[in-house]
Amino acid sequence: MDTSNSHEIMANETTPLVPTKSSKKLKTPLPKLQIGILMSLQLAEPIASTSIFPYINQLIRELGITGGDDAAVGYYAGIIESLFFAAQVLTVLKWGRLSDRIGRKPVLVIGLSGACISILCFGLSTTFWSLVISRCLCGFLNGNVGVMKTMMGELTDSTNMAQAFALFPIVWCIGSFIGPLIGGTLARPQDRWPVLFANAFWEKFPYFLPCAVAACLFVLAVFMLSIFLEETLPTKRRPKSTLAVLDISSDELLPQQSMAYTPLRALLTPSIVIPIANYALLALLDISFRALLPLLFSTPTHLGGLGFDPATIGSWMALFGITSGVFQALFFARIVDWIGPKRVFCVSVSCYAPLMAMFPIMSWIVRARGEVDYAITFALLCLTGMQLVRDMAFGVIFMFITASAPTNNVLGAINGLGQTSASVARVVGPTLATSLFAVSKEHNLLGGNAVYVILIVLGGGSRWLASQLRDEVQDKEE
């Protein structure tokens with residue numbers, strides 16, 4: 001027997017010719033131009049949505065909605081902040097499914113245009129009901145977030161997904177930095193720059209200027225979308241240019257084109273439902289925190305708040321946004337690669353309990369010391385640090401939801417379903433949190449801290465639900 005041939009055969013049998021699941025995959029290069037354009041479009045939304053936070057409570061007081069009762073401001077602020085998501089619940093899944101049929105770009109154009117019109121209407125509102133209509137209009141026409149996540153999923157795979165989906169919270173953090181600065185700085189311009197804004201229009205509509213600036217960003221976003229962004233839906237891609245960018249052959253599109261319209265019921269499997277449930281609870285806790293933070297900042301000190309003015313509120317919220325954005329940009333993908341997406345998510349959601357505990361601690365400090373001083377500044381800096389870790393949860397859960405799609409032709413529907421669930425949570429969150437805040441203060445429940453105790457318990461539930469996720473994010477082929 002020829003021993004050299006036998007050794008050669010044994011070598012061939014023991015040495016894999018192709019990478020196995022256990023071998024570490026090489027990272028696929030990101031299509032940076034398309035992702036950069038997509039993130040530029042995404043930036044307009046957090047800027048517009050967070051720009052109202054520094055002045056929304058003051059606007060409600062000035063409109064006379066509460067009848068002079070400062071403790072009731074939270075009820076109405078929560079309702080207005082929830083209306084966008086209430087309207088979005090009714091349509092966001094339909095926008096996601098529509099994008100699976102007609103393409104991602106047409107749905108984005110409708111959403112960005114609707115957001116532009118609604119923010120202008122918000123700035124021109126002089127009654128409670130006009131505020132209601134403007135927020136509902138934005139929610140009805142807006143399926144952008146789900147469609148953008150779908151496009152990101154179609155531009156990436158499991159090797160570069162963490163790097164790409166890290167950009168969503170980064171962009172949100174940048175928007176959360178710019179938005180409050182715009183809202184806090186440009187609100188009531190006649191008070192700050194009486195010579196430049198002497199016209200009676202600015203006296204009648206003192207909050208129109210920040211809304212107009214946000215609307216201009218939406219106009220720019222629609223322009224960029226129409227000219228530069230490539231379609232990512234396989235059946236709507238242009239045959240050459242887009243495929244070259246994504247490095248996909250036309251043969252790969254044929255199975256996608258022939259697949260039937262998948263019933264929604266077929267998507268309700270544990271591998272899809274568990275990530276969506278985590279996203280919904282995460283959204284509930286996040287929006288509750290974001291609604292309570294400016295309310296605590298603006299509430300007078302004798303009611304347990306910090307008594308900040310809109311400019312100070314805008315500055316602190318901008319600091320939270322920019323520090324989190326820098327942290328996500330520098331460390332998110334590295335941390336996910338290091339300890340894994342599930343562990344990152346579990347650690348991140350564990351931060352909600354101590355975050356909520358900081359609220360009564362700051363109220364106690366103000367009552368004990370009688371003023372806002374360096375102790376409150378230190379507490380706010382601790383709050384900032386915990387937010388850095390907490391914000392990683394969103395990038396990770398987007399990865400799990402995208403990876404749960406069995407095929408690309410249902411990716412829009414799954415992201416639409418996820419966004420619907422998160423929108424339901426965001427409807428409940430602001431109203432629940434701000435109403436509990438008002439009730440806790442009015443009736444001195446648990447020393448005025450009942451709202452924080454309830455949210456701390458929900459944070460513990462979120463940690464348990466996170467443990468039910470898969471251990472790894474997988475490609476659809478796997």
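A word first on what we are looking at: the model is predicted. The chain has 478 residues, and 56% of them are buried. Its secondary structure comes to 22 helices and 0 strands. Take the contacts between residues at least 6 apart in sequence: 81% of those join residues at least 24 apart.

Two packed helices are described by the angle between their axes and the distance between the axes. Each pair gets those two values, and then the residues.

Start with helix H2, residues 32–50, and helix H7, residues 144–155. How do their axes cross? The angle is roughly 165 degrees, and the axes come within 11 Å. Angles over 145 degrees count as roughly antiparallel, and H2 and H7 are therefore roughly antiparallel to each other. The crossing is left-handed. On the H2 side, the residues in the contact are Gln34, Ile35, Leu38, Met39, Leu41, Gln42 and Glu45. From H7 come Asn144, Val145, Met148, Met151, Met152 and Leu155. By class, the contact of H2 with H7 has 9 nonpolar, 3 polar and 1 charged residues.

One of those H2 residues is worth a stop, and that is Leu41. Is Leu41 buried or exposed? Its relative accessible area is 0%, so Leu41 is buried. Which residues does Leu41 touch, not counting residues up to four places away in sequence? They are Leu108, Leu112, Met148, Ala221, Met224, Leu225 and Leu229. Met148 is one of the H7 residues I listed for the helix contact. As for Asn144, its C-alpha atom is separated from that of Leu41 by 9.3 Å, and the two residues are 103 apart along the chain.

Stay with H2, and turn to its packing with H9. The angle here is about 40 degrees, with the axes 7 Å apart. H2 and H9 are therefore oblique to each other, and H2 passes H9 in a right-handed crossing. H2 contributes Ile35, Met39, Gln42, Leu43, Pro46, Ile47, Ser49 and Thr50. H9 contributes Leu167, Phe168, Val171, Trp172, Ile174, Gly175, Ser176, Ile178, Gly179, Pro180 and Ile182. The residues of this contact divide into 13 nonpolar, 6 polar and no charged.

H9 covers residues 167–186, and a loop lies between H9 and helix H10, residues 189–192. Arg188 is found in that loop. What stands out about the backbone of Arg188? It has a positive phi of about 50 degrees although it is not a glycine. For background, most residues other than glycine have a negative phi. Arg188 is partly exposed, with a relative accessible area of 26%.

Ala433, Leu436, Phe437 and Ser440 in H21 are in contact with Ala450, Val451, Tyr452 and Ile454 in H22. The count by class is 7 nonpolar, 1 polar and no charged residues.

Gly416 lies in helix H21, and at 2% relative accessibility Gly416 counts as buried. How far apart are the C-alpha atoms of Gly416 and Val92? They are separated by 5.8 Å, with the residues 324 apart along the chain. Leaving aside neighbours within four places in sequence, Gly416 is in contact with Val92 and Leu93.

The other is Met399, in helix H20, residues 392–403. Met399 counts as buried, at 3% relative accessibility. The C-alpha atoms of Met399 and Phe165 are 6.7 Å apart, and 234 residues separate the two along the chain.

Last, the cysteines. How many disulfides are there, counting pairs of cysteine sulfur atoms within 2.5 Å? The count comes to 0 disulfides. Cys346 is buried, at 9% relative accessibility, and Cys351 is buried at 12%.

Notes:
Residues are numbered from 1 along each chain as its sequence is written. This is a predicted model: local features need pLDDT of at least 70, side-chain atom pairs count only at pLDDT 80 or more; totals for chains, interfaces and linings use all residues. Side-chain values use heavy atoms; hydrogens and water are left out. Axes are lines fitted to C-alpha atoms, for helices over the stretch in contact, and angles run from 0 to 180 degrees between N-to-C directions. Helices (H or I, at least four residues) and strands (E, at least two) are DSSP runs, numbered from the N terminus. Angles under 35 degrees count as roughly parallel, over 145 as roughly antiparallel, 65 to 115 as roughly perpendicular and the rest as oblique. A crossing is left-handed if the near helix is turned anticlockwise from the far one by less than a right angle, and right-handed if clockwise. Contact means heavy atoms within 4.5 Å. Ala, Val, Leu, Ile, Met, Phe, Trp, Tyr, Cys and Pro count as nonpolar, Asp, Glu, Lys and Arg as charged, and the others, Gly among them, as polar. A disulfide is a pair of cysteine sulfur atoms within 2.5 Å. Buried means under 20% relative accessible area, exposed over 50%, partly exposed in between (1.4 Å probe, protein chains only).
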